[in-house]
Amino acid sequence: MAGEGNRRPDEVKMRRLLERERTGPEGLVLRLAWLEGLSRDEIGALTWDQVSFLDDRLELPDRMTPLDPDVRACLWRLHEAREVPEGSREKVLLSARGKRPPRMESISRMARSALDRGGMPEIRLVDLRYDWMLRQVERLDWPEAARVCGVEVSTLQSRFAGLVPERKPAVAEPAAELDEFKLWKILQTERRTPAGLALWMAWQLGLQAKEMTELTWDRVDFRKNLIRLPDRDVPLTSAVRRLLEEAPRSDEDSHVLLTARSRKPIDLPHLSRMTRSALIRGGLDHAALRDLRRNDSRSEDDAQLLRLAAEQGTITRQDVSDLLGLSKTASYSRLRRLTDQKRLVRVGGKYYLSGTVVPPERHLEAIKGYLEQAGFAYRQDIVELLHIQPKQCSLVLRHFVEAGDLIQRGQRYFLPLEGERKAE
């Protein structure tokens, strides 16, 4: 994080400068810092496979940032001029003369030279990222600004809260809970790839990225069903054990995580990129490997929710929020995951234990079967048939009546006779 001496550049001067610096590495450095918020290290490390023209974003190791139209145009001109192959890991920033990745101090000199020409000798490269971060704080809430900036909410507030007096510094909110069903689908899809193995080890074993890149086969003890790390032993789950048993090995290298093609050890930047790509493909755009740390209380939380559903007959999102202290969004995510796992059944806004109610997709079938035998039914008859609450049953019956699947006469419900069914 930048220090207290940061200054904000003049926007008019910056726009004029960027208009003049349309080509060359200096213009690229200024754009990446001021319009994308990249640090000097991130600018120097940026590779073409992190630039997604399809999705209009930069996929950095710890965050994603949308591509500003001016930055996109600049990058596209470079991409076309260099004829960069798809998926290339070539560095984006190259020196004007040697066409090689510049040193960090050279990147600072590029920015210094351009800013001097633009009439802003007092502005430094770090001030451009600072200004971008402050603009995010001014337009977003604290959690969202922290996410796009790649820092903690508390860190962002300590630095910028005094500069946005019109907004009260918010209390740091807990990170949004992962969509565990999406994650489960990603794990299934990627299970036979190095990225999938890493995701499984992070999710089920709680291994950190560095522990995974340094893991060698001599530390995997199948006989005792554990992984021996320098500071602890980690028991294997059945899923991770099976993946490790199936994972290909190299006669030349003992590392567990190897690249798919060259069979070389995977370093930390490569691990971050490949796992982020897998998560993005699966719809978890804002998740990173570190977010997959196993939550040992999850099973107990699920057990509490299922017990409450059994005791009350049903639970709601508010029940989950009250019991676990989660936000409404996180509570819905928990309930949806349990529903997707067929452990709960959702009827309207209430959730029942699987096996205790007729699931919604079978409601009409069950009601028709009952009416074919009994001829007609009262609402209470359908309540007992479906095992749901009276108010919910009223909504279900109203839907079928409006759709023409049932006929209501007074308080009784019938199957429609020929010609009584409503036109589509």
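I began with strand 1 (residues 51-52), which runs antiparallel to strand 2 and is joined to it by two bridges; two strands pair if DSSP finds at least two bridges between them. Serine 52 has arginine 57 as its bridge partner in strand 2.

I noted that this is a predicted model, in which local features need pLDDT of at least 70 and side-chain atom pairs count only at pLDDT 80 or more, while totals for chains, interfaces and linings use all residues. Residues are numbered from 1 along each chain as its sequence is written, and side-chain values use heavy atoms, with hydrogens and water left out.

I followed strand 2 onward to strand 3 (residues 63-66), where the two pair in the antiparallel sense over four bridges, and leucine 58 has threonine 65 as its bridge partner. In strand 2 (residues 57-60), Arg57 and Glu59 point one way, Leu58 and Leu60 point the other way, and all are buried (under 20% relative accessible area, 1.4 Å probe, protein chains only).

I then turned to helix 10 (residues 194-205) and helix 12 (residues 238-246), whose axes, lines fitted to C-alpha atoms over the stretch in contact, come within 10 Å and cross at roughly 155°. The two helices are therefore roughly antiparallel to each other (angles over 145 degrees). Their contact (heavy atoms within 4.5 Å) is made by residues including Leu197, Trp200 and Met201 of helix 10 and Val240 and Leu243 of helix 12.

For the whole chain, I recorded 19 helices and eleven strands (DSSP runs of H or I, at least four residues, and of E, at least two), with buried residues making up 46% of the 424 residues.

How values were computed. Buried means under 20% relative accessible area, exposed over 50%, partly exposed in between (1.4 Å probe, protein chains only). Axes are lines fitted to C-alpha atoms, for helices over the stretch in contact, and angles run from 0 to 180 degrees between N-to-C directions. Angles under 35 degrees count as roughly parallel, over 145 as roughly antiparallel, 65 to 115 as roughly perpendicular and the rest as oblique.
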